[in-house]
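Try each task before you read its solution.

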Amino acid sequence: METSSMQKQEQFNKLKANLDRIKYKVAVLSGKGGVGKTTIAVNIAALLAKKGYKVGLMDADIDCPNVGKMLGIKENFRIEDGRLVPVDKYGMKILSMAFFQSDDAPTIWRGPLIHSAIMQLVEKSDMGDLDYLIIDMAPGTHDSTLTVFQFLDVSAAIVVTTPQPLAIMDAKKSSLAARHFGKPVGIVENMAGDMFGAGKGLELANELKAPFLGSVPMSKEMTSENPIPAVLRSEEIKAMFEEIAENMKEKLLE
Ligand SMILES: Nc1ncnc2c1ncn2[C@@H]1O[C@H](COP(=O)(O)OP(=O)(O)OP(=O)(O)O)[C@@H](O)[C@H]1O
Ligand SMILES: [Mg+2]
């Protein structure tokens, strides 16, 4: 074999070995931006970690990685024996491209670089054995979404939508994109309440014959000002995410 194809094979083997140590990989996506993917991903992951599961949280939003910021992470990756050691926060192992980037400089990368950044993050990191890897995606179905679905052996997708008609329309597209890759889809409605209404997430789930995992209201407790995930601060919100996590386990992953 030529050196470059040998290297590629070796990289692929490492990626596969890392992925094989993760029981469930769940991608959190949406058509529209700003509907609360990162918020939902962080809270699901924090709840599962609190319950004693081994949990990784990967930020696959390369342009605007927000997971680290939302959790108030200041530290950076450590490299040990040539491998990236994920940052530990609230019992979760956090992987993010943000740990390589400065805070303000924009990341202006074409598709192939985004693809290779995501692949390397998984291949070179040392996450160990995990029950769940929650993957926070960039909005839409662009390069990073394709990479995650095609190469990271995703078990299922959680599509987040607000009850607004435009968000629902775009969430439907994202759901169909996930199914195109053969991935089962579950729906979470976020920001339900007086402002945007409620119930449209369930309607979408029924239309798609997809499991509805739960609804989270628009609430001050859920805003990102506090770096401690809401599930670790509020019993009420914890109960909502327990239902979402249970539905995810029973209706989406089994
Ligand atoms: N249920 C909620 N109640 C109140 N605020 C919320 C709620 N969910 C999310 N937010 C806030 O809305 C903003 C957008 O949320 P978030 O960053 O999670 O969305 P996103 O879908 O990940 O965005 P992007 O598409 O940019 O990645 C954040 O400031 C967050 O704190
Ligand atoms: Mg986000």
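**Exercise 1.** Find how many residues surround ligand 1, and which are the closest.

Solution. Take a residue as near when its C-beta atom, placed from the backbone, lies within 6 Å of the ligand. With that cut-off, 20 residues surround ligand 1, and the closest are Gly33, Thr38, Thr39, Met222 and Ser224. Next, sort the shell: 7 residues are nonpolar, 11 polar and 2 charged (Ala, Val, Leu, Ile, Met, Phe, Trp, Tyr, Cys and Pro count as nonpolar, Asp, Glu, Lys and Arg as charged, the others, Gly among them, as polar). Finally, helix H2 gives the largest share, 3 residues (helices are DSSP runs of H or I with at least four residues, strands runs of E with at least two, numbered from the N terminus).

A note on the source: this is a predicted model, where local features need pLDDT of at least 70 and side-chain atom pairs count only at pLDDT 80 or more, while totals for chains, interfaces and linings use all residues. Residues are numbered from 1 along each chain as its sequence is written, chains are lettered from A and ligands numbered from 1 in the order in which they are written.

**Exercise 2.** Work out the strand order of the open sheet, and which strands stand at its edges.

Solution. Strands pair if DSSP finds at least two bridges between them. The 8 strands then follow the order S5-S6-S2-S7-S1-S8-S9-S10, with mixed pairing. S5 and S10 each have a single partner strand, so one side of each lacks a neighbour in the sheet. Further in, 5 bridges join the parallel strands S8 and S9, and Val159 has Ile187 in S9 as its bridge partner.
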